[in-house]
Amino acid sequence: RVFAARHPLLNHAVLRALLEGGGRAANFITRNAAVKQSDGAGLRKFILSLRDAVIVLDDLERSVLPPNEIMGFLNDFVEHQRVKAILVAAEEQIDDKKFEVQKEKLIVRTLELRSEPESVYDHFADRLNSNLAKRVARSSKEAVLRDFAAAGLHNLRSLRIALDDFDRIVGAFEDVLVNSEDAAEQVLRQTVVMWAYIRAGTVKPADFQNS
């Protein structure tokens, strides 16, 4: 995958087929003297050289590989091939003592990036299609963010999805909700909390259907 990302043209299926077919034809004519295995190894080494490249591995906590194996993979690139690497991870979701040990040896600098809901809420609200949904989202901002913080999950994606879902709900029932913005606010607040827990995996949609 690193090779494919660095050389998308060389990794194209058609080009690979042409190169492989051409190599076979040349070897057939020259009785296997045209393309030697050592030539292929040298070419791969040249193409796969990652010097001056930057490798970014995102969402480490979601990888099917154990974190310590990934750290070993990175160690080879950083120490032996001398490339730069950026590792993006939600560390609080990684429960692996080996990862902590290898992190101390391999990671030179750690930066914590955290976007506060207050800084993106207005942007999410402004994206809504319904004017009623926008108005309710803006007027109930403090209450919504208080509920969101109380959930303790801090997933901004779930906040955006909740507001988008609220927009669709208002679009479907605007004739009813327009006469009761308090009810619309309650719908918004419940939707935000629901999505916060669903995206965290704490509850399933069926749990709401059965309640």
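1. Ser158 lies in helix α9, which covers residues 156-177. In this predicted model, Ser158 has a relative accessibility of 0% and therefore counts as buried, the limit being under 20%. Setting aside residues up to four places away in sequence, Ser158 touches Phe148, Trp195, Ala196 and Arg199. Trp195, Ala196 and Arg199 are listed among the α10 residues that meet α9, and Ser158 is on the α9 side of that list. Phe148 belongs to α8.

2. The crossing, in which α9 passes α10, is right-handed. On the α9 side, the residues that take part are Arg157, Ser158, Leu159, Ile161, Ala162, Leu163, Asp165, Phe166, Ile169 and Leu177. On the α10 side, they are Glu181, Ala183, Ala184, Val187, Leu188, Thr191, Val192, Trp195, Ala196 and Arg199. Sorted by class, this contact holds 14 nonpolar, two polar and four charged residues.

3. Helix α10 (residues 181-199) also packs against helix α8 (residues 141-151), at an angle of about 25° and with the axes 9 Å apart. Because angles under 35 degrees count as roughly parallel, α8 is roughly parallel to α10. This crossing, of α8 and α10, is right-handed. From α8, the residues in contact are Ala143, Val144, Arg146, Asp147, Phe148 and Ala151. They meet Glu185, Leu188, Arg189, Val192, Val193, Ala196 and Tyr197 in α10. The contact of α8 with α10 divides into nine nonpolar, no polar and four charged residues.

4. A further partner of α10 is α7. These two helices pack at an angle of about 75°, with their axes 10 Å apart. The range for roughly perpendicular is 65 to 115 degrees, so α7 and α10 fall under that description. Leu132, Arg135, Val136 and Ala137 of α7 meet Glu181, Ala184, Glu185 and Leu188 of α10. By class, there are five nonpolar, no polar and three charged residues in the contact of α7 with α10.

5. Which residues touch the most other members of the largest nonpolar core? This core has 26 residues, and the ones in question are Tyr121, Ala137, Leu159, Leu163, Phe166, Leu188 and Val192. At least two residues of the core come from each of α6 (117-126), α7 (131-139), α8, α9 and α10. With eight residues, α9 provides the largest share.

6. Neighbours within four places in sequence aside, Leu188 is in contact with Tyr121, Val136, Ala137, Ser140, Val144, Leu163 and Phe166.

7. Val54 sits in strand β1 (residues 54-57). Is Val54 buried or partly exposed? Its relative accessibility is 48%, so Val54 counts as partly exposed, between the limits of 20% and 50%. Apart from neighbours within four places in sequence, Val54 is in contact with Lys84 and Ile86. Between Val54 and Phe77 there are 9.9 Å in space, C-alpha to C-alpha, and the two are 23 residues apart in sequence.

8. With a relative accessible area of 31%, Asp59 is partly exposed.

9. Finally, the chain as a whole. Its secondary structure comes to 11 helices and two strands. Read from the N terminus, the order of elements is α-α-α-β-α-β-α-α-α-α-α-α-α. Of the 211 residues in the protein chain, 29% are buried. Among contacts between residues at least 6 apart in sequence, 69% join residues at least 24 apart.

Note on methods. Residues numbered from 1 in each chain as written. Predicted model: local features only at pLDDT ≥ 70, side-chain atom pairs only at ≥ 80, totals over all residues. Heavy atoms only, no water. Axes fitted to C-alpha atoms, helices over the stretch in contact; angles between N-to-C directions. Helix = DSSP H or I, 4+ residues; strand = E, 2+ residues; numbered from the N terminus. Parallel < 35°, antiparallel > 145°, perpendicular 65-115°, else oblique. Left-handed = near helix turned anticlockwise from the far one by under 90°. Contact = heavy atoms within 4.5 Å. Nonpolar A, V, L, I, M, F, W, Y, C, P; charged D, E, K, R; others polar. Buried < 20%, exposed > 50% of the residue type's maximum accessible area, 1.4 Å probe, protein only. Core = buried A, V, L, I, M, F, W, Y, C linked by side-chain atoms within 4.5 Å.
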